[in-house]
Amino acid sequence: MSNELNFNIEEELHEECGVFGMYDFDGADVASTIYYGLFALQHRGQESCGIAVSDTEGPKGKVSAYKGMGLCNEVFTPEILEGLHGNIGVGHVRYSTAGSSTRENAQPLVLNYVKGTLAMAHNGNLVNAPELRRELEYDGAIFQTTIDSEVIAYHIARERVKTSSVESAVANAMKKIVGAYSLVVMSPRKLIGARDPYGFKPLCIGKRDNAYIIVSESCALDTIGAEFVRDVLPGEIVTITKNGIVSDTRLCQTDKSKEARCVFEYIYFARPDSVFDGVSVYHARLCAGRALAIDSPVEADLVVGVPESGNAAALGYSLQSGIPYGTAFIKNSYVGRTFIKPKQSNRESAVRIKLNVLKEAVVGKRVIMIDDSIVRGTTSALIVNMLRESGAKEVHVRISAPPFLHPCYFGTDIPDEDQLIAHNRSVEEIRDLLGADSLSYLNIDRLPEMAAGLPICTACFSGNYPIEPPKEDIRGEYSR
């Protein structure tokens with residue numbers, strides 16, 4: 001096991017994507033609202049985005065769509081949005097965890113088939129995608145992408161030929177696909193949302209005037225001035241037509257303890273102003289910080305968070321411990337989670353471009369630094385060093401998640417075990433590599449408290465997968 005860290009490896013974790021669907025019963029165009037909704041979900045995916053719309057009163061086969069590589073404001077212009085006419089539509093922001101980063105893999109996917117058209121946006125990963133894909137290919141299917149979302153879309157289209165409604169086709173397809181998925185599907189006259197029976201990924205319903213929305217996170221509803229209606233239940237299919245919402249819960253777990261929400265949504269992925277299955281993400285992070293202060297106290301002068309996801313946990317630590325909460329890092333507001341990385345030959349560090357230390361806040365002080373996770377350790381070591389260079393007397397690192405020990409197969413790009421700093425290393429060895437005075441992680445037994453007792457998936461920490469992992473790696477280039 002090496003005692004050196006490679007500082008040129010990408011450190012941050014990424015969620016696969018965010019989805020947004022809208023149906024305006026009054027016939028107004030929805031593209032611009034979907035655009036602003038996707039803007040609010042940009043943290044969930046920054047590689048590509050897209051919007052597909054249709055007119056429920058127009059020709060059944062006509063779908064207007066546009067997608068491309070980059071952020072929402074880079075892909076869409078006012079002219080493009082004005083050209084997307086339709087009162088029903090779906091949108092998507094993507095970061096690839098399975099399937100390469102290309103325009104062909106951008107979503108929504110639009111399918112033209114014997115029954116008409118379907119447009120679909122998907123968040124998550126299927127564990128049985130390779131075998132389903134091979135089955136379809138042997139039946140003559142020709143794939144345009146390398147993503148498992150197209151496997152889902154094909155199965156929905158195949159089932160629609162044999163069923164009386166698109167929602168029945170979605171239900172039949174859900175019986176075949178296994179893994180994590182929150183779906184938004186647009187048919188010519190209906191908007192459908194579906195969530196896998198484990199509830200890995202968030203999905204909720206909103207309403208604005210005479211329009212309904214299905215979206216990954218509730219924060220997007222606030223952005224567009226819509227009211228939160230409720231979460232889509234794990235395993236539920238909701239169908240929105242002009243007659244209202246129809247719910248199908250036949251695929252929901254009868255034993256709710258088998259549900260497995262991704263706990264990392266609470267720790268890092270979701271925006272703090274979102275509510276996931278009735279639990280405030282902000283409150284969950286405060287809870288983690290308080291738990292760290294109780295379980296891993298240390299004498300210090302200042303508690304600081306690594307922006308942005310570490311801030312709420314740092315506040316929780318401060319409130320519990322009585323140690324003052326402060327700001328030690330200034331984040332460049334114009335750098336997202338992805339940007340043009342400095343070449344290895346350049347002296348600029350990606351971390352230093354994103355974060356500057358406020359020297360006056362830390363000089364001569366014993367600092368507790370709260371972050372949401374340590375993956376390979378490269379970023380954490382650099383930040384600890386930056387605090388020391390700025391005059392911090394001591395740096396005590398507290399992590400608001402347990403150590404990553406296992407890869408994820410459900411839509412998070414946690415790498416293979418041998419790339420995880422916690423794999424085969426003790427906490428003391430990791431502390432030494434980071435150059436910190438002390439290091440503590442959140443106790444894994446505290447995770448249910450963050451989710452207010454809801455059943456969660458902790459596989460990346462515990463190795464206890466709610467679904468048997470695939471025998472072949474489905475995670476693409478980002479797993480290596």
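**Close-up views of a predicted model**

View 1. Histidine 396 sits opposite serine 438, a residue of strand E22. This is a predicted model, so please read each view with that in mind. Strand E21 (residues 394–399) and E22 run parallel and are joined by 4 bridges.

**View 2. The open sheet with parallel pairing.** Step back from that pair of strands and you find an open sheet of 4 strands, in the order E17-E20-E21-E22, with parallel pairing. Strand E17 (302–305) and strand E22 (438–441) take the edge positions, and each has a single partner strand, so one side of each has no neighbour in the sheet. On average, neighbouring strands here are turned by 20 degrees against each other, direction ignored. Helix H13 (residues 378–389) lies across strand E20 (366–371) and E21, and runs at about 150 degrees to E21.

**View 3. The open sheet with antiparallel pairing.** Here 6 strands form an open sheet in the order E5-E6-E7-E8-E12-E13, and their pairing is antiparallel. The edges belong to E5 and strand E13 (244–248); each has a single partner strand, so one side of each is left without a neighbour in the sheet. Neighbouring strands of this sheet are turned by 20 degrees against each other on average, direction ignored. Helix H6 (residues 166–174) packs on the sheet and touches E6, strand E7 (182–186), strand E8 (191–195) and strand E12 (237–241). The direction of H6 makes about 20 degrees with that of E8.

**View 4. Strands E5 and E6 side by side.** Look for the 5 bridges that join E5 to strand E6 (residues 116–123), with the two strands running antiparallel. Leucine 111 stands opposite leucine 118 in E6.

**View 5. The second largest pocket.** This pocket holds about 260 Å³ of space. Its lining is made of 17 residues, and those nearest its centre are Lys67, Leu109, Val110, Leu111 and Gln144. Strand E5 (109–113) gives the most to the lining, with 5 residues. Strand E2 (48–54), strand E3 (64–69) and helix H5 (148–162) are also among the elements that each supply at least two residues. By type, the lining divides into 11 nonpolar, 3 polar and 3 charged residues.

**View 6. Helix H1, a mostly covered helix.** In helix H1 (residues 31–40), 7 of the 10 residues are buried. To find them, look for Ala31, Thr33, Ile34, Tyr35, Gly37, Leu38 and Ala40.

Technical notes: Residues numbered from 1 in each chain as written. Predicted model: local features only at pLDDT ≥ 70, side-chain atom pairs only at ≥ 80, totals over all residues. Heavy atoms only, no water. 1 Å grid on protein atoms, 1.4 Å probe; cavity = no way out; pocket = protein on both sides within 12 Å on 5 of 7 lines; lining within 4 Å. Points joined across faces, edges and corners; volume = space filled by probe spheres on them. Nonpolar A, V, L, I, M, F, W, Y, C, P; charged D, E, K, R; others polar. Buried < 20%, exposed > 50% of the residue type's maximum accessible area, 1.4 Å probe, protein only. Pairing = 2+ DSSP bridges. Axes fitted to C-alpha atoms, helices over the stretch in contact; angles between N-to-C directions. Contact = heavy atoms within 4.5 Å.
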